[in-house]
Amino acid sequence: MAEPLLDVRDLMVSFRTEEGVVRAVEGVSFALEPGEVLAIVGESGSGKSVAVGTLMGLTRSPNARFEGEARLRAARREHGGLELVGASEGKLRRVRGKDIAMIFQDPMTSLNPVQRVGDQIVEQIQAHEQVGDAEGRARAVDLLDRVGIPRAAERARSYPHEFSGGMRQRAMIAMAFSCEPRVLIADEPTTALDVTIQAQILRQIEELRERDTGVILVTHDLGVVADVADRILVMYAGRIVEQGTPDELFYDPQHPYTWGLLGSIARVDRARPKRLAAIEGLPPSLSDRPAGCHFRPRCPHAFGKCVETPALEHRAGLTPGHLDRCLLAGESKRRLREVNGEVGLGAP
């Protein structure tokens with residue numbers, strides 16, 4: 001079996017603030033395989049964006065502290081891969097855009113408003129390759145055409161404000177893939193886009209997967225996850241609370257937080273309820289999280305043992321790659337799901 005493109009182990013990220021130490025990411029581990037789409041889901045404030053931003057070196061500050069390992073084995077210039085945590089800014093600049101790239105939620109804040117879109121793509125290419133202006137412009141036009149920008153040669157001379165939201169997002173994808181990185185991070189790439197443009201963006205992600213690019217998809221949209229993900233990490237308050245394939249998490253969810261996420265989405269196979277279910281309460285402050293299970297104050301099934309810190313592990317009766325961080329025994333979970341109504345989507 002090929003080595004993973006990205007191997008993250010026990011990643012911890014914290015920030016010193018006036019309100020105390022904010023532990024944004026706590027012990028996150030995962031591996032990204034070639035051609036895999038790994039989705040990270042959870043409410044706002046769960047640590048998703050901080051985790052992936054740290055891999056790109058975007059969360060560094062004098063008040064930040066990092067622990068753990070994140071080896072980018074897709075780094076072409078580094079024998080044995082590049083350790084991203086603690087790497088110098090110079091080394092990160094060499095791999096950002098070339099070996100690992102990122103699509104941000106709002107492309108308008110990432111694109112230069114006073115520079116033509118095509119010129120920005122050329123600049124990205126020339127930062128990593130010895131390419132002349134004419135060749136760079138030809139590649140920029142080809143990339144825009146590949147992501148579905150109409151009249152690509154003409155639109156390459158446009159400014160970002162002359163693009164629609166969906167076109168700007170596709171331009172960001174073109175820029176991210178301009179040097180054919182092996183790892184692509186997409187942070188909420190379909191938020192605030194209509195369903196037609198969402199489908200186009202997801203098709204682009206599928207094409208990247210076919211080229212053996214590993215994709216990390218950060219989102220709160222479970223519908224998007226069901227369409228494209230090979231594996232899902234559910235995060236809450238800086239920790240992974242459950243992980244598995246879409247079938248495992250959608251049809252046999254194990255953690256009460258996952259139950260809550262699934263219960264809060266509309267279903268086409270059931271009568272429409274008067275109101276969608278909601279997870280009571282709010283996520284905890286990351287500077288003052290409850291001891292033990294962080295979900296305990298919001299969990300309707302919490303019991304005395306939940307003051308202990310649960311491990312993310314495989315439970316009896318689950319498929320090997322299905323892990324969860326809940327101290328409820330398997331039989332207890334089954335009984336609760338029968339009492340409260342089936343939470344998953346039913347038998348696949």
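Me: What makes Y236 and R298 contacts of L282?
Reply: L282 touches Y236 and R298, with residues up to four places away in sequence not counted; contact means heavy atoms within 4.5 Å. This is a predicted model, where local features need pLDDT of at least 70, side-chain atom pairs count only at pLDDT 80 or more, and totals for chains, interfaces and linings use all residues. Residues are numbered from 1 along each chain as its sequence is written, and side-chain values use heavy atoms, with hydrogens and water left out.

Me: Why is L282 called exposed?
Reply: Its relative accessibility is 71%, so L282 counts as exposed. The cut-offs are under 20% relative accessible area for buried, over 50% for exposed and partly exposed in between (1.4 Å probe, protein chains only).

Me: Why is the pair of Y236 and F295 called edge-to-face?
Reply: The structure holds three aromatic pairs. In the pair of Y236 and F295 the ring centres are 5.2 Å apart and the planes stand at 85 degrees, so the pair is edge-to-face. Rings of Phe, Tyr and Trp (its six-membered ring) pair if their centres lie within 6.5 Å; planes under 30 degrees apart count as stacked, over 60 as edge-to-face and the rest as tilted.

Me: What makes Y257 and F295 an edge-to-face pair?
Reply: Their ring centres are 5.3 Å apart and their planes are at 65 degrees, so Y257 and F295 are edge-to-face. Y257 is buried, and F295 is buried too.

Me: Which residues form one aromatic cluster?
Reply: The cluster consists of Y236, Y257 and F295.
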